[in-house]
Amino acid sequence: MTTGSTSSPHASPQDAVPPDPARPALPELLAPAGDMEKLDAALRYGANAVYLGGRGPNLRAGAQGFAPDELPEAARRAHAVGARAYYCLNSLPHQRHLRDVEAAIDEADAAGMDALIVADPGVARMARRRAPRLPLHVSTQANTANGEAALFWQDMGAVRVNMARELDMSGIRELVRACPGLEFEAFVHGAVCLAVSGHCLLSAWMNNRPANLGQCTHPCRFEYLGMALAVEEKTRPGEVAWEAVQDGPFHSSFWAPNDLCLVKYVRWFAAVGVASLKIEGRVKSAGYVAQVTDAYRTALDDLTRRTFRHEDYLYELLNTASRPLSTGFFLPGGRRLNRGLPHDAMRRPVVARIEQPSGDGAWRVSVRAPWRAARPMELLLPGLHRPELYPGDFRLENHKGETVDQLHPGMAGVLHCAHEGLATGLFIRA
């Protein structure tokens with residue numbers, strides 16, 4: 001089993017913990033990289049590997065992706081910190097798309113990617129023929145839920161399988177035990193699709209944009225005009241099977257499920273022998289990638305320190321959540337995780353990314369959300385360290401060098417602050 005390191009690639013030497021042979025090896029932490037900035041965020045906050053797509057066929061056409069001349073640089077940046085880069089070819093192409101698939105395989109091979117992520121047997125067959133050196137990883141889109149299916153993919157040359165998202169914890173354990181010669185990967189955080197392993201036709205039907213070609217418009221999250229509706233099943237009279245209740249003029253919660261969050265169970269995944277824990281979100285912001293990666297990286301590293309701070313990780317993840325967090329199919333009933341927690345108190349947006357030093361305690365920043373100098377700011381340091389600085393501890397300038405009370409999204413500015421933790425690529429909340 002290929003596993004991640006026992007500490008973040010950015011941890012200081014004093015944070016390193018000697019491996020304990022009596023404890024299971026940590027899974028790899030696999031984070032999304034929708035573009036170069038998101039890739040940098042994932043690596044800066046401790047991902048062991050990133051997954052990314054090109055400009056051709058992959059399941060996130062909404063993500064900017066990487067041009068052919070950018071792919072070698074993406075691989076180089078990952079390898080420079082001891083991480084790996086996996087190239088997504090997990091769409092289910094039609095015949096007319098196969099030439100584009102061939103080109104994408106060749107690009108990934110030439111760029112030095114560490115694996116191809118596929119879902120279609122034809123794509124896997126093409127990859128074995130055109131790029132035999134590249135390991136094959138099987139996407140969750142393949143809906144692998146049993147050992148025979150997993151061994152089929154191994155016969156096709158796959159070394160890793162991302163299990164069907166519909167599996168519960170018993171199903172995951174049984175599948176890993178059934179195929180000891182394969183690596184298994186599991187999604188642990190992010191959006192959950194109502195369809196079987198993402199095989200959804202809503203977007204194709206409503207907007208002529210097929211989800212399985214990477215063009216999903218997410219109709220499950222649209223706001224629909226509706227009314228209160230309770231549906232009973234014939235053999236169970238008096239028992240509500242499905243209920244949709246209008247909240248305001250439009251309603252969407254019936255179609256949009258909770259987001260997945262399994263940070264509490266990373267120890268379980270390590271003990272079972274899952275090789276890689278995957279975070280969904282190639283179309284999310286770089287700030288999102290930074291916060292979620294940092295929470296899971298810290299949770300994994302805390303296992304080696306024999307500490308575990310579940311509420312700390314969950315508070316951090318609630319700050320990024322646009323929907324309620326739950327255990328999805330992992331536990332019966334999709335247990336909600338944020339009941340009783342102060343969700344509103346955690347909603348601090350990412351306001352800036354530190355770009356580069358500007359001399360004398362000054363740092364150039366790119367602004368992502370309204371940033372007011374009168375409010376405290378919070379540094380997002382790897383390891384879930386969140387020092388808070390107050391007005392007077394820092395000063396903001398615009399691009400003209402003028403001290404200002406506020407910076408606006410899209411602006412370049414300068415932060416004057418003497419905190420020793422500031423560094424290029426870190427994010428700020430306020």
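N143 counts as partly exposed because its relative accessibility is 30%; buried means under 20% relative accessible area, exposed over 50%, and partly exposed in between, computed with a 1.4 Å probe on protein chains only. The model is predicted, so local features need pLDDT of at least 70 and side-chain atom pairs count only at pLDDT 80 or more, whereas totals for chains, interfaces and linings use all residues. Residues are numbered from 1 along each chain as its sequence is written, and side-chain values use heavy atoms, with hydrogens and water left out.

**Positive phi angles**

- N143 is a residue other than glycine with a positive phi, near 60°.
- N143 is found in the loop between strand 5 (136-138) and helix 5 (147-155); helices (H or I, at least four residues) and strands (E, at least two) are DSSP runs, numbered from the N terminus.
- R306, also not a glycine, has a positive phi near 60°.
- The loop between helix 9 and helix 10 holds R306, which counts as exposed at 53% relative accessibility.

**Salt bridges**

- The count comes to 27 salt bridges, a salt bridge being a side-chain nitrogen of Lys or Arg within 4 Å of a carboxyl oxygen of Asp or Glu.
- E73 and R76 form a salt bridge with an N to O distance of 2.8 Å.
- Both E73 and R76 belong to helix 2 (residues 71-80), where they are three residues apart, about one turn of the helix.
- E73 is partly exposed, with a relative accessible area of 25%.
- In the salt bridge between E316 and R429, the closest N and O atoms are 2.9 Å apart.
- E316 lies in helix 10 (residues 310-318) and R429 in strand 21 (residues 427-429), so this pair ties together parts that are 113 residues apart in sequence.
- Both E316 and R429 are buried.
- A network of salt bridges links D294, E316, R348, E378, R386, E388 and R429.

**Nonpolar core**

- The largest nonpolar core has 121 residues, and L52, F269 and W371 have the most contacts inside it; such a core is a set of buried Ala, Val, Leu, Ile, Met, Phe, Trp, Tyr and Cys residues joined through side-chain atoms within 4.5 Å.
- Helix 9 (residues 286-304) supplies the largest share of this core, ten residues.
- Leaving aside residues up to four places away in sequence, L52 touches several residues, including A33, L39, F66, M113 and R282; contact means heavy atoms within 4.5 Å.
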